Amino acid sequence: MDNLCKGYNPDYSEDAPTLEQVSGQPGDLLLEFGAPWCMHCQAGARAVQAAMVDYPQLPHLKIYDGKGKPLGRAFKVKLWPTLILLKDGQEVARRVRPVMAEEVRELLAQLAGQGA
């Protein structure tokens, strides 16, 4: 996870990090759980992309989630997309099934409340 891309990431990764890797990640990180074929994920993609414009330095990791995927289960993900904002490996906030950029912006604004 040392080479995380900063800013909006359009692609889901099937090669998910482990919970230990995510928990040990310093700084801020936006995890997005979903699947490329999920209609809810497709509908929310524009909202995430629009909100991320204001956070070009924030790493955004899209995780291809599904049955038996350990990272999604560790975070108790039940619906897609689920966005989880982490600070130094700890969950700060989450948003489930956002459809408007303002919903994602409200989530990302939590960074300011955490001293980012």
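Guide: A residue is buried under 20% relative accessible area, exposed over 50% and partly exposed in between (1.4 Å probe, protein chains only). This is a predicted model, in which local features need pLDDT of at least 70, side-chain atom pairs count only at pLDDT 80 or more, and totals for chains, interfaces and linings use all residues. Residues are numbered from 1 along each chain as its sequence is written, and side-chain values use heavy atoms, with hydrogens and water left out.

Visitor: What is the relative accessible area of Arg94?

Guide: Arg94 meets the side chain of Glu91 in a salt bridge (a side-chain nitrogen of Lys or Arg within 4 Å of a carboxyl oxygen of Asp or Glu), with an N to O distance of 2.9 Å. Glu91 is partly exposed at a relative accessible area of 39%. Arg94 is partly exposed too, and its relative accessible area is 32%.

Visitor: How many salt bridges does a search of the whole structure find?

Guide: One of them joins Arg73 and Asp65, N to O at 3.0 Å. Arg73 is partly exposed with a relative accessible area of 35%, whereas Asp65 is buried at 2%. For the whole structure, the number of salt bridges found is six.

Visitor: How many residues apart in sequence are the parts that Arg105 and Asp54 tie together?

Guide: Arg105 forms a salt bridge with Asp54, and their closest N and O atoms are 3.5 Å apart. Arg105 lies in helix α4 (residues 101-108) and Asp54 in the loop between α2 (39-52) and β2 (60-64); helices (H or I, at least four residues) and strands (E, at least two) are DSSP runs, numbered from the N terminus. The pair therefore ties together parts whose separation in sequence, in residues, is 51.

Visitor: Which residue is linked with Asp54 and Arg105 in a network of salt bridges?

Guide: Arg105 counts as partly exposed, at 30% relative accessibility. Arg105 and Asp54 belong to a network of salt bridges whose other member is Glu102.

Visitor: Within what arc do the buried residues of α4 fall?

Guide: The buried residues in α4 are Ala101, Glu103, Val104, Leu107 and Leu108. They line one face of the helix, because seen down the axis of α4 they fall within an arc (of the directions from the helix axis to the C-beta atoms) of 160°.

Visitor: What is the angle between the planes of Phe33 and Phe75?

Guide: The structure holds two aromatic pairs; rings of Phe, Tyr and Trp (its six-membered ring) pair if their centres lie within 6.5 Å, and planes under 30 degrees apart count as stacked, over 60 as edge-to-face and the rest as tilted. Phe33 and Phe75 form a tilted pair, 6.0 Å centre to centre. Phe33 is in strand β1 (residues 28-34) and Phe75 in the loop between α3 (70-74) and β3 (82-87), 42 residues apart. The angle between their planes is 45°.

Visitor: Why is the pair of Trp37 and Trp80 edge-to-face?

Guide: Trp37 is exposed, with a relative accessible area of 54%, whereas Trp80 is buried at 17%. The ring centres lie 5.5 Å apart, and the pair is edge-to-face because the planes are at 70°.

Visitor: How far from the ring centre of Tyr12 is Lys62?

Guide: A charge sits over a ring if NZ of Lys or CZ of Arg is within 6 Å of the ring centre and within 35 degrees of the ring normal. The charged end of Lys69 sits over the ring of Tyr64, 5.9 Å from its centre. Lys62 lies over the face of Tyr12, and its distance from the ring centre is 4.4 Å.
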